[in-house]
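Q: Could you walk me through a structure and show me how to read its packing, its strands and its aromatic pairs?

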Amino acid sequence: MAKVLVLYYSAYGHIEAMAEAVAEGARAAGATVDIRRVPETVPEEIARGAHFKLDQAAPVAKIADLADYDAIVVGTGTRFGRISSQMAAFLDQAGGLWQSGVLHGKVGAAFTASATQHGGQETTLFSIITNLLHFGMTIVGLDYGFPQQMGHDHVIGGAPYGATTIAGGDGSRQPHPDELAGARYLGKRVANTAAKLTA
C-alpha cells in the first residue's frame, strides 16, 4: 500500500478543494493519504484584509515530513505564471533532502489554479515539476485517460502536466465537477504508480 502526501498552499480555498479531491482519488486506489499545507507567510492582518481562507483544517507540514512518503502531490495557486512564494519558501528549505537523495525514485505530481484560462497554469505546473525532478522524483501527469480535459463545450482546467482549476478574477468560481474529477484521477494514478514502484 502506497503512502501519499498531498502538499498544498491555498489562499482562497480553490487549491484546498483540489487537494481534497486528489486525496480522494489516491484513497480510492488503496493508498494511505495525508493532506498537509505549507505555512502562510503573509502577516495575519494582511491575510484577513485580503479575505484569505484562514480556517483550513489541514495541519501545517514540516520539510522532514516529505521523506516519509512514497509519493508527493504538490499544489499551489499560480502567481504570475509560477508557484506561490509560500510554496517556494517551503521547498527552498529542502536542500538537506535534496543532498541526501532521500526523495530519489519517489512519485511526484502537480496541480494548480489560476484566475483565468490563460493565467499561467502550465508554467506553474512546470515550476512544481522542476522542483520535483531536482529531488529525483518520478513524475506522473494527468494523461489523456482522463478525456474531460479535451472537452471544449465549457471552460475547464486540466493539462497533461497536472490537474488544474480556474478561480475567476474575483475568486468566485469554484472548481468545476470535471476539474475535481481530474484531480481525483491524478490522485489515483499517483497512488497506483507509487504502489507499483514500491512493490
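Q: Which residues does Val 73 touch, not counting residues up to four places away in sequence?
A: Happy to start there, and keep in mind that this model is predicted. The general idea is that nonpolar side chains tend to be buried together in soluble globular proteins. Here, Val 73 touches Val 4, Leu 5, Val 6 and Leu 7, along with Val 22, Ala 109, Ala 110, Phe 111, Leu 186 and Val 190.

Q: How many residues are in the largest nonpolar core, and which have the most contacts inside it?
A: That core has 30 residues, and those with the most contacts inside it are Val 4, Val 6, Val 73, Phe 111, Leu 186 and Val 190. Two or more residues each come from S1, H1, S2, S3, strand S5 (107-114) and helix H6 (177-198). H1 gives the most, with seven residues. Apart from this core lies another one, of 28 residues, including Leu 5, Ala 11, Leu 97 and Ile 128.

Q: Which strands pair with S1, and in what sense?
A: S1 pairs in the parallel sense with strand S2 (residues 32-37) over six bridges, and Leu 7 stands opposite Arg 36 in S2. S1 also pairs in the parallel sense with strand S3 (residues 71-79), again over six bridges; the partner of Leu 5 in S3 is Ile 72. As for cover, six of the seven residues of S1 (residues 3-9) are buried.

Q: What unit do S1, helix H1 and S2 make?
A: Together, S1, H1 (residues 14-28) and S2 form a β-α-β unit, and the unit is right-handed.

Q: Is S5 enclosed or open to the outside?
A: Count its buried residues: eight of eight are buried, so S5 is largely enclosed by the rest of the structure.

Q: Which strands pair with S5?
A: S3 pairs with S5 in the parallel sense over seven bridges, with Ile 72 opposite Gly 108. Two bridges join S5 to strand S6 (residues 138-139), which runs parallel to it, and there Gly 108 has Ile 139 as its bridge partner. Strand S7 (residues 163-166) pairs with S5 in the parallel sense over four bridges, and Thr 165 in S7 stands opposite Ala 113.

Q: Is Gln 56 buried or exposed, and what does its side chain contact?
A: Gln 56 lies in the loop between helix H2 (44-49) and S3. Its relative accessibility is 10%, so Gln 56 counts as buried. The side chain of Gln 56 makes a polar contact with the side chain of Tyr 8 at 2.9 Å and reaches the backbone oxygen of Lys 53 at 2.7 Å. Leaving aside neighbours within four places in sequence, Gln 56 is in contact with Tyr 8, Ser 10, Glu 16 and Arg 37.

Q: How many aromatic pairs does a search of the whole structure find?
A: A pair of aromatic rings is described by the distance of the centres and the angle of the planes. The search finds three pairs. In one of them, the rings of Tyr 12 and Phe 52 have centres 5.2 Å apart and planes at 75 degrees, so the pair is edge-to-face. This pair links distant parts of the chain, 40 residues apart: Tyr 12 is in the loop between S1 and H1, and Phe 52 in the loop between H2 and S3. Tyr 12 is partly exposed at 44%, whereas Phe 52 is buried at 16%.

Q: How is the pair of Phe 146 and Tyr 185 arranged?
A: That pair is tilted, with 5.7 Å centre to centre and 40 degrees between the planes. Phe 146 lies in the loop between S6 and S7 and Tyr 185 in helix H6, so the pair ties together parts 39 residues apart in sequence. Phe 146 is buried, with a relative accessible area of 6%, while Tyr 185 is partly exposed at 22%.

Notes: Residues numbered from 1 in each chain as written. Predicted model: local features only at pLDDT ≥ 70, side-chain atom pairs only at ≥ 80, totals over all residues. Heavy atoms only, no water. Buried < 20%, exposed > 50% of the residue type's maximum accessible area, 1.4 Å probe, protein only. Pairing = 2+ DSSP bridges. Right-handed = clockwise from strand over helix to strand, strands pointing away. Core = buried A, V, L, I, M, F, W, Y, C linked by side-chain atoms within 4.5 Å. Contact = heavy atoms within 4.5 Å. Polar contact = N/O pair within 3.5 Å; in protein donor to acceptor, adjacent residues only side chain to side chain. Phe/Tyr/Trp six-rings, centres within 6.5 Å; stacked < 30°, edge-to-face > 60°.
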